[in-house]
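Me: I would like to learn how to read side-chain and backbone features in a structure such as this one. Could we take them one at a time, with the general idea before the case?

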Amino acid sequence: MGGGGIWAKYVNDFKARVIADGGTMESPSCAKTDVKFLVQNPEPVAFTGLLNDYSGAAAAYSLRLLDNTYTGDAIVVRRASDNTTQAIGFVNNELDTTSLESFCSGTDGFVTTWYDQSGNDYNVTQASASFQPKIVSSGSTIRTNSKPTIEFNGTSTYLFNANNLVDDATSAFITTAFSTTRSALQYVLEMPRDTGGSRGFDIRTTSSTNILSGLLTENPTQSTNAQGTFSNASGNLNLVMASFDEAIATNNHQIFGNGSLVGQTTNNGTDIHNKNTGINLGIFSDDARNGYLLGTISEAFVYKSNQLANRSGIETNINDYYSIY
Amino acid sequence: MAYYTSTTRSELEAYNTLVVEGEGYDGVYTTDWASIIEHPNGSDYAILKHDSYTAELTEEETLGAEWFPQNDIE
């Protein structure tokens with residue numbers, strides 16, 4: 001057998017395994033070449049996204065790849081210089097910022113479409129130029145915690161999908177990774193009760209030290225606020241989740257901040273009210289045009305099911321990627 | 001962020017068209033400049049002003065809180 005050192009050990013081990021299995025081996029010198037190649041060129045570990053581990057989302061928005069079977073783009077961007085648009089996908093499971101910055105070429109870039117990676121095609125869009133949130137500023141990708149993010153200006157920008165999302169759901173779980181620098185009532189993720197109406201199920205800040213999830217159910221109609229103290233206006237990312245499950249008798253409406261329970265209450269209604277409308281990111285109501293978010297959103301998910309058993313795992317997945325806390 | 005206001009909605013729709021045609025939006029992903037804001041009184045309207053386009057309309061630096069009734073938020 002040619003050669004020695006570590007390769008001799010690998011080849012001898014390999015030969016022993018082949019013989020133990022009742023097989024025969026080609027010449028050791030050939031085996032050395034094969035074994036060396038296999039050791040030096042291991043098969044890449046398959047990418048596993050958050051939605052591969054925690055499937056069943058009704059809608060999922062991110063600037064990283066969430067599912068190894070998703071083949072679509074992340075966003076569509078309009079550049080300010082000439083108002084042309086281009087779809088931007090993923091490279092190495094992250095937003096293709098090279099293509100993004102090349103396309104925007106020193107100018108600003110605005111998001112017209114944030115694609116849903118859940119497979120339900122529930123994309124959020126904004127067709128009015130002055131209402132489109134920003135992702136590139138003077139040619140540079142906007143980032144929070146060093147990762148690409150979408151910036152909302154606090155006065156006019158939001159993304160939405162007008163179709164029903166969680167209406168009549170008996171349980172739901174929503175999560176957002178967002179930042180803000182403003183102490184105010186502002187809406188990160190809102191699924192309104194009705195067109196131009198009040199809350200259906202949402203995540204919002206009410207001040208720099210308080211987060212709140214509003215919920216409206218039917219049968220009987222009941223409105224509850226799960227809220228508590230949570231410092232949120234540092235400009236760094238916050239990871240906030242809210243959960244409702246009518247099958248849970250007490251404290252069935254909860255809000256979590258950076259992995260900890262922040263507030264909880266009991267909602268005695270059934271079925272979430274989200275009729276004739278869908279989801280808004282960065283605004284309370286597109287009709288009333290208020291409650292704008294001044295800050296960024298990096299990810300948002302909606303499940304029409306109880307995910308409390310997966311909450312810790314989902315938090316870990318998001319926190320590992322964004323280094324939030 | 002300035003606004004144009006008017007009691008005639010069509011004047012603001014014409015302003016939106018002016019911007020859309022001037023900017024050459026693709027008509028697919030971006031179809032207009034801004035939607036028109038209706039005052040709760042039902043007779044006043046506003047639209048965001050584009051920095052590059054002027055019109056013979058009343059300009060307001062901001063819209064007062066009365067344009068955005070807080071009782072819609074809960």
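Reply: Let us begin with charges over rings, where the general idea is that a charge sits over a ring if NZ of Lys or CZ of Arg is within 6 Å of the ring centre and within 35 degrees of the ring normal. The model here is a predicted one, and in it Arg311(A) lies over the face of Phe256(A), at 4.0 Å from the ring centre.

Me: How many aromatic pairs does the structure hold over all chains?

Reply: Rings are taken as a pair if their centres lie within 6.5 Å, and planes over 60 degrees apart make the pair edge-to-face. Over all chains there are 9 aromatic pairs. In one of them, the rings of Tyr70(A) and Phe90(A) have centres 6.4 Å apart and planes at 75°, so this pair is edge-to-face. The pair links distant parts of the chain, with Tyr70(A) in the loop between strand E1 (57–62) and strand E2 (75–79) of chain A and Phe90(A), 20 residues apart from it, in strand E4 (residues 90–91) of chain A. Both Tyr70(A) and Phe90(A) are buried.

Me: Which geometry do the rings of Tyr187(A) and Phe284(A) have?

Reply: Their centres are 4.7 Å apart and their planes stand at 45°, so the pair is tilted. Tyr187(A) belongs to strand E15 (residues 186–192) of chain A, whereas Phe284(A) is in the loop between strand E23 (279–281) and strand E24 (294–303) of chain A, so the pair ties together parts that are 97 residues apart in sequence. With a relative accessible area of 0%, Tyr187(A) is buried, and Phe284(A) also counts as buried, at 0% relative accessibility. Ring pairs can also join into a cluster, as they do in linking Phe131(A), Tyr158(A), Phe160(A) and Tyr292(A).

Me: At what angle do helix H1 and helix H2 of chain A pack?

Reply: For such a pair one reads the angle together with the distance between axes, and angles of 65 to 115 degrees count as roughly perpendicular. Helix H1 (residues 5–20) and helix H2 (residues 28–40) of chain A pack at about 105°, with their axes 9 Å apart. That angle makes H1(A) roughly perpendicular to H2(A). From H1(A), the residues Trp7(A), Tyr10(A), Val11(A) and Phe14(A) meet Pro28(A), Ala31(A), Lys32(A), Val35(A), Lys36(A), Val39(A) and Gln40(A) in H2(A). The residues of this contact between H1(A) and H2(A) divide into 8 nonpolar, 1 polar and 2 charged.

Me: Let us turn to the backbone. Where is the cis peptide bond that involves Pro220(A), and which residues other than glycine have a positive phi?

Reply: The general idea is that most residues other than glycine have a negative phi, and most peptide bonds are trans. Here a cis peptide bond, with omega about 0°, joins Asn219(A) and Pro220(A), and Pro220(A) lies in the loop between strand E17 (210–218) and strand E18 (222–229) of chain A. Among residues with a positive phi is Asn258(A), whose phi is about 50° although it is not a glycine. Asn258(A) is placed in the loop between strand E20 (253–257) and strand E21 (260–265) of chain A. Another is Ser323(A), with phi near 55°, which is found in the segment after helix H5 (311–322) of chain A and counts as exposed, at 55% relative accessibility.

Me: Is Trp67(B) buried or exposed, and what is it in contact with?

Reply: A residue is buried when its relative accessible area is under 20%. At 9% relative accessibility, Trp67(B) therefore counts as buried, and its place is in the segment after strand E4 (58–60) of chain B. Leaving aside neighbours within four places in sequence, Trp67(B) is in contact with Thr5(B), Ile37(B), Glu38(B), His39(B), Pro40(B), Asp44(B), Tyr45(B) and Ala46(B). As for its setting, chain B has 1 helix and 4 strands, which follow the pattern β-α-β-β-β along the sequence, and buried residues make up 41% of its 74 residues.

Conventions: Residues are numbered from 1 along each chain as its sequence is written. Chains are lettered from A and ligands numbered from 1 in the order in which they are written. This is a predicted model: local features need pLDDT of at least 70, side-chain atom pairs count only at pLDDT 80 or more; totals for chains, interfaces and linings use all residues. Side-chain values use heavy atoms; hydrogens and water are left out. Rings of Phe, Tyr and Trp (its six-membered ring) pair if their centres lie within 6.5 Å; planes under 30 degrees apart count as stacked, over 60 as edge-to-face and the rest as tilted. Helices (H or I, at least four residues) and strands (E, at least two) are DSSP runs, numbered from the N terminus. Buried means under 20% relative accessible area, exposed over 50%, partly exposed in between (1.4 Å probe, protein chains only). Axes are lines fitted to C-alpha atoms, for helices over the stretch in contact, and angles run from 0 to 180 degrees between N-to-C directions. Angles under 35 degrees count as roughly parallel, over 145 as roughly antiparallel, 65 to 115 as roughly perpendicular and the rest as oblique. Contact means heavy atoms within 4.5 Å. Ala, Val, Leu, Ile, Met, Phe, Trp, Tyr, Cys and Pro count as nonpolar, Asp, Glu, Lys and Arg as charged, and the others, Gly among them, as polar.
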